[in-house]
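Work through the exercises below with the model open beside you. Try each task before you read its solution.

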Amino acid sequence: MAADGFAKWTRRFEDERERRRAQGDPEWERGAVLHRAVWAGIQRFQVGEDGDGANLVAKAEAAGDADYARAVRLFVAEEQNHARLLARLLAAGGRPTLSGHWSDTVFVRLRRLLGLRTELLVLMVAEVVALRYYRALRDGTDDALTTEVAGRILADERRHVPFHCARLHDSLAVLPAVTRRPVLALWRLLLLAATLVVVADHGAGLRRLGVGRRRFAADVMASSAEVVEAVLTPRPDAWTGGA
């Protein structure tokens with residue numbers, strides 16, 4: 001990391017928090033009308049965004065970098081805001097939230113297996129899939145409220161991925177150089193497996209959003225190559241992460 005380390009990320013999260021407060025919420029009273037398959041996808045992603053992040057925060061604090069721990073707490077707050085936005089969107093369409101979903105349970109258990117590095121690698125699987133999903137949700141419907149909510153969340157996710165890449169770079173740097181790419185190759189295999197589950201589970205909704213199963217999977221895996229390079233050589237201001 002640069003001389004100011006994760007302090008710059010803390011400032012970015014804090015700046016975004018103030019911008020979000022000034023912007024205020026979308027106009028929920030407009031309501032939202034979507035196909036039931038799209039609603040089903042939103043319900044499942046809302047479950048994934050919901051959570052207190054206590055395990056991640058505890059591991060970040062144990063890492064001994066106060067700036068990083070502060071940035072993680074701000075990241076968790078943004079994820080909780082995503083869950084809130086999606087819940088409000090569902091309410092605007094007269095749809096309930098789900099109490100849970102098996103895929104989220106599996107991811108949470110995987111994340112908690114070992115230390116911070118494992119937690120972040122598994123978390124990054126969800127983040128990279130989410131990048132493509134929220135882009136599809138933003139661009140694939142003519143419902144104005146849905147487009148706005150998805151656009152807000154996507155903008156946050158495009159900051160989250162390089163933030164986690166920066167920490168993963170530091171974490172992998174302690175490993176022998178010859179092991180770093182194999183670790184990330186295994187991460188891409190996990191990402192592929194998760195993506196295949198998503199396209200099987202969300203196929204009908206993705207088609208309604210104009211994205212076929214194969215295209216969605218191909219786009220996710222293409223973006224993962226950029227993640228690997230960002231972890232190996234962090235350049236957060238060069239991150240693109242899709243349009």
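A residue is buried under 20% relative accessible area, exposed over 50%, and partly exposed in between (1.4 Å probe, protein chains only). By that rule, buried residues make up 47% of the 243 residues in the chain. This is a predicted model: local features need pLDDT of at least 70, side-chain atom pairs count only at pLDDT 80 or more, and totals for chains, interfaces and linings use all residues. Residues are numbered from 1 along each chain as its sequence is written, and side-chain values use heavy atoms, leaving out hydrogens and water.

**Exercise 1. Confidence and fold**

Task: find which elements have the lowest and the highest mean pLDDT.

Solution. 
- Start with the term. pLDDT is the predictor's confidence in each residue, from 0 to 100.
- Take the whole chain. Its mean pLDDT is 89, and 88% of its residues reach 70 or more.
- List the elements. The chain has nine helices and zero strands. Helices (H or I, at least four residues) and strands (E, at least two) are DSSP runs, numbered from the N terminus.
- Draw the lesson. Where pLDDT is low, the predicted coordinates should not be read in detail.

**Exercise 2. The core**

Task: name the residues that touch the most other members of the largest nonpolar core.

Solution. 
- Define the set. A nonpolar core joins buried Ala, Val, Leu, Ile, Met, Phe, Trp, Tyr and Cys residues through side-chain atoms within 4.5 Å.
- Read off the names. The largest core holds 66 residues, and Ile42, Tyr134, Phe163, Trp187 and Phe216 touch the most other members.
- Ask where they come from. Elements giving two or more residues include helix H1 (7-23), helix H6 (116-139) and helix H8 (177-208). H6 gives the largest share, 14 residues.
- Zoom in on Trp187. Contact means heavy atoms within 4.5 Å. Beyond its neighbours within four places in sequence, Trp187 is in contact with Leu121, Met124, Val125, Val128, Ser224, Val227 and Val228.

**Exercise 3. Salt bridges**

Task: say which parts of the chain are tied together by the pair Arg84 and Asp25, and by the pair Asp201 and Arg44.

Solution. 
- Recall the idea. Side chains of opposite charge can pair when their charged atoms come close.
- Set the cut-off. A salt bridge needs a side-chain nitrogen of Lys or Arg within 4 Å of a carboxyl oxygen of Asp or Glu. The whole structure has 18.
- Begin with a local pair. Arg21 and Glu18 form a salt bridge, with their closest N and O atoms 3.0 Å apart. They are three residues apart in helix H1, so about one helical turn separates them.
- Go further along the sequence. Arg84 and Asp25 meet at 2.8 Å, N to O. Arg84 lies in helix H4 and Asp25 in the loop between H1 and H2, so the pair ties together parts 59 residues apart in sequence.
- Take the last pair. Asp201 and Arg44 meet at 3.0 Å, N to O. Asp201 lies in helix H8 and Arg44 in helix H2, so this pair ties together parts 157 residues apart in sequence.
- Asp201 is partly exposed at 27% relative accessibility, and Arg44 is partly exposed at 25%.
- Salt bridges link Arg20, Glu78, Asp156 and Arg159.
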